[in-house]
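Here is a walk through a two-chain model, from the contact between the chains out to some local details. Have the sequence and the structure open as you read.

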Amino acid sequence: MKQENIRNFCIIAHIDHGKSTLADRILEETHSIEKRELRSQMLDSMDIERERGITIKLNAVELTYEYNNELYYLNLIDTPGHVDFSYEVSRSLAACEGALLVVDATQGIQAQTLANLYLALDNNLDIIPVINKIDLPNADTTKVISELENIGFNKEDIVLTSAKTGEGIKKLLEKIITVIKPPTGDINKPLRALIFDSLFDSYRGVITSIRVVDGEIHVGDLIKMMETNASYDVIGLSINTPKEKQVSSLKAGQVGYVYASIKSISDVLVGDTVTLEKNPAQEALPGYKPMKPMVYCGLYPVDAKKFEDLRDALEKLKLNDASLTFEPETSKALGFGFRCGFLGLLHMEIIEERVEREFNIELIATAPSVIYEVILNNGEKLMIDAPTKMPKKEYISKILEPFSKVSIFTPTTYIGPIMELCQEKRGNLVNIDYLDEERCTINYEMPLLEIVYDFFNKLKSITKGYASFDYEITSYKESNLVKMDILLNGEVIDALSIIVHKAFAYNRGRIIVEKLKEIIPRALFEIPIQASISNKVIARSTVKALRKDVLAKCYGGDITRKKKLLEKQKEGKKRMKKVGSVELPQEAFMSILSMDE
Amino acid sequence: MAKYVYIHIPFCNSICSYCDFCKIFYNEKIADKYLDKLKQEITTRYNQEKIKSIYIGGGTPSSLNMHQLEKLFSIIKTFKKDNDFTFTIEANFDSINEEKLKLFKNNSVTRISFGLESIDKNNLAFLERKENPENIRNIINLSKEYNFDINIDLMYALPTEDMTILNKDLDFIFSLDVNHISTYSLIIEDNTKLKIKNIKNISEDLDFLMYKNICKRMKKNNYLHYEISNFCKENHESVHNLCYWENEEYYGFGVSASSYINNKRFTNTKSITEYLEKYSQSYSENVSKEDKMDYEVILNLRLSKGISLTNFYKKYHKYLEDIYDYEDLVQDKLLVLDNNRLYISEEKWYISNEIIRRLLERKK
């Protein structure tokens with residue numbers, strides 16, 4: 001295999017712009033897969049991915065295509081589309097020489113598309129702009145072409161496709177061969193291979209996806225991970241076509257998988273460099289960053305007996321997801337559970353959903369929190385990932401919180417409301433970039449906490465879904481933050497405590513107590529709800545006592561119905577969490593995110 | 001051994017907005033046919049037990065014409081009667097007259113249950129009913145002359161109502177001096193005109209205050225509050241309805257009527273066309289011993305006398321406290337344990353569902 005005939009490329013697109021279907025169509029066109037075998041969205045192997053239409057884990061597939069009597073090897077490296085996985089995106093981009101920038105003909109360019117495009121340009125990739133879904137009746141291809149022109153593409157370079165009908169796919173394959181440069185690694189240099197993904201297989205241990213940059217790797221080699229210094233024997237090498245094909249070696253420019261009896265996925269760091277124990281490379285490939293969870297929340301089983309099952313579930317999920325962290329946590333209100341760390345909000349939602357769905361454990365999730373840097377009066381520095389762990393005010397010298405750069409891509413008509421929202425969210429305007437007269441990117445610097453607190457839903461609702469946004473964590477900065485407790489019936493409910501900016505505390509407190517008043521069902525007694533900061537009550541409300549819970553009529557025909565009703569109510573109550581003397585429905589724990597008045 | 005009989009007459013001269021009972025507009029031919037089918041059902045299903053109480057409900061039984069009422073009473077002659085036999089029939093003021101009262105009397109009817117509901121103009125318009133206070137008073141006086149026990153139904157907590165209107169309705173009812181009053185806070189049932197119009201209930205708080213007001217005024221007027229929604233002068237409890245709350249077995253004949261016989265609860269078809277074709281059931285449930293005990297507490301706790309621990313033991317050969325762990329509920333004063341009886345005190349009846357639910361949760 002000549003390196004000149006290899007093309008490594010990925011597809012970057014906004015969610016739902018048809019990346020996975022386009023990939024399927026390319027597989028079909030290159031006869032990598034027969035039509036009858038083609039399950040919709042072949043590359044997404046997890047159920048949840050197929051359902052949500054999001055690619056969570058990476059996948060790479062080698063396709064062969066004949067062009068001008070030459071056989072070409074095209075490695076399609078699939079990337080996750082969501083910002084939570086942006087580091088994984090950056091590593092898969094680093095494994096490529098080119099990228100297809102896919103834009104939906106009906107929706108045009110979105111924030112994520114742009115963010116990933118800039119990432120691709122940073123990685124020096126050759127970009128092929130693609131407008132997909134041109135078959136749809138509401139496609140506005142001309143408009144999307146001019147949008148692409150506005151960000152610097154030439155009209156004649158744009159490929160128009162319909163992944164649904166297959167239109168333009170052949171042309172796209174030719175473009176991949178003619179536009180994207182072949183790899184230029186040196187096969188004679190010591191081995192350097194980039195790890196861009198890993199997957200746990202219960203039979204073979206960790207399967208590591210690599211892109212060989214320099215040198216060659218053989219079955220039987222003793223390899224070394226340059227970041228962790230761990231060594232393993234290569235037991236097998238294979239490529240995905242998309243059926244697995246065993247090979248004896250992978251050479252510079254190739255993409256494939258390594259099995260090496262690696263037991264834990266945590267030993268395989270995405271972004272790390274693989275070299276040989278004998279004749280190692282002098283320098284690792286650039287760009288390695290350890291993955292750090294940015295958003296935390298407590299996960300508790302509704303049924304306390306399922307605590308061990310939950311631990312088991314999280315351990316199993318972690319096998320395939322090095323970025324998930326968890327440690328046991330006890331809440332007075334919720335009992336035993338785990339404090340879990342995630343890359344972002346979507347990552348959090350996916351894990352919650354998988355625990356509930358695949359492991360059948362009903363969960364109560366506390367409101368998400370970010371990780372704070374707390375400097376104590378004695379100079380000691382603490383990292384605080386839960387409001388309950390926040391030390392008392394008297395001991396704290398200062399609190400720093402993570403800030404992020406937020407890019408909101410929007411029709412210009414919504415600039416006003418968006419700026420208002422960002423202001424409410426403690427944002428500082430950085431600048432506004434106009435793509436054309438109708439669209440712009442608004443850049444803000446904003447605390448991550450405020451993004452975690454219901455930012456996206458709010459943004460969607462004020463822009464009727466037209467704006468998209470992306471964020472990237474930049475730095476830690478000092479803020480005037482306080483811990484706010486929520487008391488029910490005079491008792492602090494630890495799972496409801498939150499950290500808020502002091503200037504926003506009164507307002508937030510008022511909204512939360514009102515929201516809780518709506519959510520908590522009336523009980524036999526009155527339930528006072530209070531929000532307090534350092535034992536000082538700043539907002540209060542009351543759930544009135546149950547007034548009427550009786551069936552007026554109960555004669556011959558009503559009797560079975562009455563018993564059924566009582567049984568149904570009994571079941572309903574089972575799903576509530578008894579906290580002290582109050583029964584809380586699940587949504588109460590998320591209500592503290594609420595910003596609506 | 002069922003000793004109680006309910007017979008459903010599904011005909012009405014007009015349809016009230018809140019009613020979800022099985023009913024159709026009165027039609028002479030259908031009513032004739034219906035009575036034939038009813039006779040057939042009774043002959044087939046009745047097992048010759050001695051009957052303590054018969055209750056004819058509806059619909060509006062008094063909407064039948066004289067001839068049909070006679071036919072109905074002749075069907076009822078089939079039943080063997082116990083010594084202390086009582087016989088109730090439901091009636092509306094606009095479909096009753098002296099002739100019908102006389103007929104009732106001659107056929108051993110002992111009690112008439114009148115749907116009055118309200119005399120307030122706006123309430124009546126909301127309920128889609130017509131009442132004339134003058135006529136009501138005449139009918140009641142006449143019924144008393146014939147020596148019937150009398151019940152009056154009152155509805156309250158209507159969206160058209162405030163406390164003053166409720167008090168006026170109560171004043172009027174007290175002035176009639178009957179020996180039984182049932183009061184129902186409005187329930188908006190599925191498949192009623194109210195539900196279709198998307199009518200909402202009044203606030204829980206006002207409903208509660210109205211209920212408390214009713215309880216207070218009933219007491220002042222010497223009515224005993226013996227069941228959540230029922231009041232009576234001493235010794236005038238509804239014998240028939242007590243059978244439901246005491247978890248006794250009963251027959252239900254006619255379309256949509258429910259029966260509880262030989263540890264089985266079932267309901268006849270709710271479709272009149274189907275009933276006229278062939279007897280069929282729309283629902284049935286086998287009641288295990290466990291279920292039976294649940295039913296026992298659910299139903300007994302509607303009564304002021306509650307559950308008799310002695311009777312419970314006699315019935316089930318188990319002590320109530322071995323089945324339900326109710327001690328903390330007694331401590332929290334949600335239940336009262338007194339003189340070998342476990343009951344919900346009157347002031348807590350408005351949350352009886354919550355209390356009963358807790359008791360059921362404490363099943364050992």
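A quick word on ground rules. This is a predicted model, in which local features need pLDDT of at least 70 and side-chain atom pairs count only at pLDDT 80 or more, while totals for chains, interfaces and linings use all residues. Residues are numbered from 1 along each chain as its sequence is written, chains are lettered from A and ligands numbered from 1 in the order in which they are written, and side-chain values use heavy atoms, with hydrogens and water left out.

**Where the chains meet**

Let's start with the contact (heavy atoms within 4.5 Å). Chain B brings 40 residues to it and chain A brings 27 residues. Together the two chains bury about 3400 Å², with 56% of that on carbon and sulfur atoms; buried area here is the accessible area (1.4 Å probe) that two parts lose on being put together, summed over both. Glu204(B), Asn353(B) and Arg357(B) account for 20% of the area that chain B buries against chain A, more than any other three residues.

On the polar side, there are 20 residue pairs in polar contact between chain B and chain A, counting pairs with both residues at pLDDT 80 or more. A polar contact is a pair of N or O atoms within 3.5 Å; within protein, one must be able to donate a hydrogen and the other to accept it, and residues adjacent in sequence count only if both atoms are side-chain atoms.

Which elements of chain B give two or more residues to the side that touches chain A? They are strand S8 (180-185), helix H8 (204-220), helix H9 (239-245), strand S14 (281-286), helix H11 (289-300) and helix H15 (352-361). H15(B) gives the most, with 8 residues. Helices (H or I, at least four residues) and strands (E, at least two) are DSSP runs, numbered from the N terminus. By class, this side of chain B has 18 nonpolar, 8 polar and 14 charged residues. Ala, Val, Leu, Ile, Met, Phe, Trp, Tyr, Cys and Pro count as nonpolar, Asp, Glu, Lys and Arg as charged, and the others, Gly among them, as polar.

**Salt bridges, between chains and within**

Side chains of opposite charge can pair when their charged atoms come close. A salt bridge here is a side-chain nitrogen of Lys or Arg within 4 Å of a carboxyl oxygen of Asp or Glu. The whole structure has 50 salt bridges over all chains, and the count between chain B and chain A is 7. Here are some of them:

| Pair | Closest N to O |
|---|---|
| Arg522(A) and Asp205(B) | 3.0 Å |
| Lys251(A) and Glu216(A) | 3.8 Å |

Lys563(A) lies in helix H13 (residues 559-574) of chain A and Asp291(B) in helix H11 of chain B, so the pair joins two chains. Are these residues buried or exposed? Both Lys563(A) and Asp291(B) are buried, where buried means under 20% relative accessible area, exposed over 50%, and partly exposed in between (1.4 Å probe, protein chains only).

Inside chain A, Lys251(A) has its salt bridge with Glu216(A). Lys251(A) sits in strand S14 (residues 249-251) and Glu216(A) in strand S9 (residues 216-218) of chain A, so this pair ties together parts that are 35 residues apart in sequence. Lys251(A) is partly exposed at 33%, and Glu216(A) is partly exposed at 24%. As for the other pair in chain A, Lys483(A) is partly exposed at 27%, whereas Asp485(A) is buried at 13%. There's also a network of salt bridges linking Glu327(A), Glu329(A), Arg339(A), Asp385(A) and Lys389(A).

**Chain A overall**

Chain A has 14 helices and 34 strands. Of its 597 residues, 57% are buried. Among contacts between residues at least 6 apart in sequence, 70% join residues at least 24 apart.

**Loops and a sheet**

Asn68(A) has a positive phi of about 50 degrees although it is not a glycine. Asn68(A) lies in the loop between strand S2 (59-67) and strand S3 (70-78) of chain A, and is exposed at 61%.

In chain B, S15, S17 and S16 form an open antiparallel sheet of 3 strands, in the order S15-S17-S16. Strand S15 (307-308) and strand S16 (336-338) stand at the edges with a single partner strand each, so one side of each has no neighbour in the sheet. Two strands pair if DSSP finds at least two bridges between them.
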